[in-house]
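Okay, thanks everyone, let's get going. Today I'd like to talk about charged side chains and how they pair up. Have a look at this one with me.

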Amino acid sequence: MTPFDVDTARKETPGCETVVHFNNAGAALMPRPVLDSVIGHLNLEASIGGYEAAAAANDALEGVYPSAARLLGCAPDEIAFLDSATRAWDLAFFAIPFRPGDRVLTSEAEYASNFIAYLQAAERHGIEVAVVPNDESGQISVPRLREMLDDRVRLVSLTHVPTNGGLVNPAAEVGRAAREAGVLFLLDACQSAGQIPLDVDAIGCDLLSLTGRKYLRGPRGTGILYVRRERLAELTPPMLDLHAAKWVARDRYEMREDARRFESWEFNVAAKIGFGAAVDYALGWDLDAIWERVSRLAADLRPRLDELPGVRVRDVGAEQCGIVSFTVDAMTGDAVKTALAQHSINVSVSRAPSTRWDMEHRGLAEVVRASLHYYNTVEEIDAFCRVLHAAG
Ligand SMILES: *Cc1c(COP(=O)(O)O)cnc(C)c1O
């Protein structure tokens, strides 16, 4: 394994000069090429006009599709660009032609917005949602999933990495089970994209959503939906506009043939260009090398946290990623966050309503989330542990 060039990564990340950023699961620091592409396009819009700037940037805009396709191991026409992962996920989910009694199988780590959609679809379409229990390690139990995969199941919907901790769910094993049962598989890859190599064929998912601002280091307000080509025909977006479809006669429209039927005509052009730059930047580092470094930094941090009096690491799962979750006895999450912020160390607090099944199962109201990226350093981890020790 070649050593990761952390110095270059930090030189190309302006924020590294001002903060110790352990909130990469919230929004990572943008690298210089991303920042430059976004600001450059805004300047161009201001000087020549928004439509004219978009036309001038056509190559960069179209380049987003092959770049995202390389990231996920799919084809460019299987990619739709959206303004968040939630929007991407919702559009995919509500495109499924549910019938009353259809079942959705999901996991305990499921994200709030996804679960709210299941409840809404239960009201609207009479579907049922069932949560597959975890195994002893804290990841989704694949044997239990296989038992629950009966004729009623229309969709398996999994969060790869939850918002509240280091767990990496066994997406490829879930995909194999779903594929063998001939059931649609939707993967929420929001927290994994940019830190864990993803390949939609190896995972076996039909639909995948991800966000730009987290481990991919893109601008806010960006997201991607992947739709497997063979599945496109059975999925009709809940709404269409003049980009997603063509109005070919007064009484007739034709939907686009590719995944862009899920897009809208209007979008933040600068952000989309920045998203493409972020994907290219990540690919330039190599996702295997990123994953190696991120998971190792987090694996270094966990035992050090566990040694601090009153601090308890809360991560579960057989495989763990760059997100480190913990609690401090006799301190609220907000108090921990504030104490660290006084030393320019960023963390966030994840609360039960974001991942209710998991948090209630474990009797947790909240956890502090320290999410590490490849540009973080052992020195930053030292400083973090010092401040936490003094505060706790
Ligand atoms: C952040 C997050 C989302 C939502 O992403 P947005 O881009 O904010 O819509 C979805 N799922 C998980 C697991 C997340 O952590």
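Let's start with Asp36, which counts as partly exposed at 42% relative accessibility; buried would be under 20% relative accessible area, exposed over 50%, and partly exposed is in between, with a 1.4 Å probe and protein chains only. Quick caveat: this is a predicted model, where local features need pLDDT of at least 70 and side-chain atom pairs count only at pLDDT 80 or more, while totals for chains, interfaces and linings use all residues. Residues are numbered from 1 along each chain as its sequence is written, and side-chain values use heavy atoms, leaving out hydrogens and water.

So who does Asp36 pair with? Its salt bridge partner is Arg32, with the closest N and O atoms 3.8 Å apart; the cut-off is a Lys or Arg side-chain nitrogen within 4 Å of an Asp or Glu carboxyl oxygen. Arg32 is partly exposed too, at 40%. Both sit in helix α2 (residues 32–48), 4 residues apart, about one turn of the helix. Helices here are DSSP runs (H or I, at least four residues), numbered from the N terminus.

Next up, Arg304 and Asp382 form a salt bridge at 2.6 Å, N to O. Arg304 is in helix α11 (residues 287–307) and Asp382 in helix α14 (residues 378–391), so this pair ties together parts that are 78 residues apart in sequence.

Within it, Glu234 and Arg231 meet at 3.2 Å, N to O. Arg231 is buried, at 18%, whereas Glu234 is partly exposed, at 29%.

And the whole structure? A search finds 25 salt bridges.

Terms used
Helices (H or I, at least four residues) and strands (E, at least two) are DSSP runs, numbered from the N terminus.
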